[in-house]
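Please keep the sequence and the model in view while reading.

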Amino acid sequence: MLVLGVVDALVLGVLGLLVGSFLNVVIHRLPKMMELRWAAECEAFQTAPGAAPVEPVAQPTFNLVLPRSRCPHCDHQIRWFENVPVVSYLVLKGKCGHCGAPISARYPSVELLSAALFAWCGWHWGMTWPALAWSGFSAAVLALAFIDWDTTLLPDDITLPLLWVGLCASALGWTDTLLPDALWGAVAGYLSLWLVYWAFKLVTGKEGMGYGDFKLFAAFGAWFGWSALIPVILMASLIGAVVGIAIKIRGQLREGGYVPFGPFLAVAGLTAMVFGPSSILATLGL
């Protein structure tokens, strides 16, 4: 059994490395794709009523597959052997193979985090549907954390499928959450932060979080059930407060003073997956 568990962890860990490489693409390109879509919608909306529709200007293809990845400094197209997860970064010593510009350490970090989470799923559940489901959960949450940190956006393209897959996984018995608990967890997750949002806005006149946070918390409710929401939100709030205070003391707050809440929710959600929601309360002394 031990050997089988190690093999399952290794297989899913390798898969996690490959998925992590793709997540780097998602983290970088999905927000840009959203901006392009919004710009096209705004342009169409601004067309005068009754006016002949303006022929859209042909734009180069930009999605998660095309164009091929290039160095942002010299526009060198990344060759396949320069894109092997983690290995290429080490071989190239963290630099572009053409111009020598530094490559962010985030790329191998995301790949290693994805590999570690996938490997844990393989170790815990073996090569089963629950392992694949929770691996997908890990990949989605990891991507959301980095996207939100970079852009303060939590794309519906990820949060809504994460919610629905959580409900489906519960119905199929791939999680330990019964379907009624998953359903009401999704409802409670969304409504709880929605109410906090409006209470804060009515009192201060400001928006304390975005609707993406509601959807991500609803997705956690679908995966873990309604009873896990309190430990998850407590952990996320505590980490967020500590990090936010540290950033403020160092004078590194962004324009507008915002610190995205999604990354802290993501950390709490992944902690709940690995250690269980009850362990969060125990760690907090509750």
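In which helix is Y211 found? Y211 is found in helix 7, which covers residues 211-224. The model described here is predicted. The points below take up a nonpolar surface patch, a pair of helices and several salt bridges.

**Nonpolar surface patch**

- Helix 6, which spans residues 179-204, supplies the largest share of the patch, with eight residues.
- Y211 counts as partly exposed because its relative accessibility is 36%.

**Helix 7 and helix 8**

- Two packed helices are described by the angle between their axes and the distance between the axes.
- Helix 8 comprises residues 229-249, and its axis comes within 10 Å of the axis of helix 7, with a crossing angle of roughly 140 degrees.
- Helix 7 is therefore oblique to helix 8, since only angles over 145 degrees count as roughly antiparallel.
- The crossing of these two helices, helix 7 and helix 8, is right-handed.

**Salt bridges**

- The whole structure contains four salt bridges according to the search, and the following points describe pairs among them.
- R106 and D150 form a salt bridge in which the closest N and O atoms are 2.6 Å apart.
- Because R106 lies in helix 3 (residues 106-125) and D150 in helix 4 (residues 129-151), this pair ties together parts that are 44 residues apart in sequence.
- D150 is partly exposed, having a relative accessible area of 37%, and R106 also counts as partly exposed, at 26% relative accessibility.
- R79 and E82 form a salt bridge too, with 2.7 Å between the closest N and O atoms.
- E82 is buried, as its relative accessible area is 10%, whereas R79 counts as partly exposed at 38% relative accessibility.
- Another salt bridge joins the side chains of K201 and E207, at 3.5 Å from N to O.
- E207 counts as partly exposed at 43% relative accessibility, and K201 counts as partly exposed at 26%.

Notes:
Residues numbered from 1 in each chain as written. Predicted model: local features only at pLDDT ≥ 70, side-chain atom pairs only at ≥ 80, totals over all residues. Heavy atoms only, no water. Helix = DSSP H or I, 4+ residues; strand = E, 2+ residues; numbered from the N terminus. Buried < 20%, exposed > 50% of the residue type's maximum accessible area, 1.4 Å probe, protein only. Axes fitted to C-alpha atoms, helices over the stretch in contact; angles between N-to-C directions. Parallel < 35°, antiparallel > 145°, perpendicular 65-115°, else oblique. Left-handed = near helix turned anticlockwise from the far one by under 90°.
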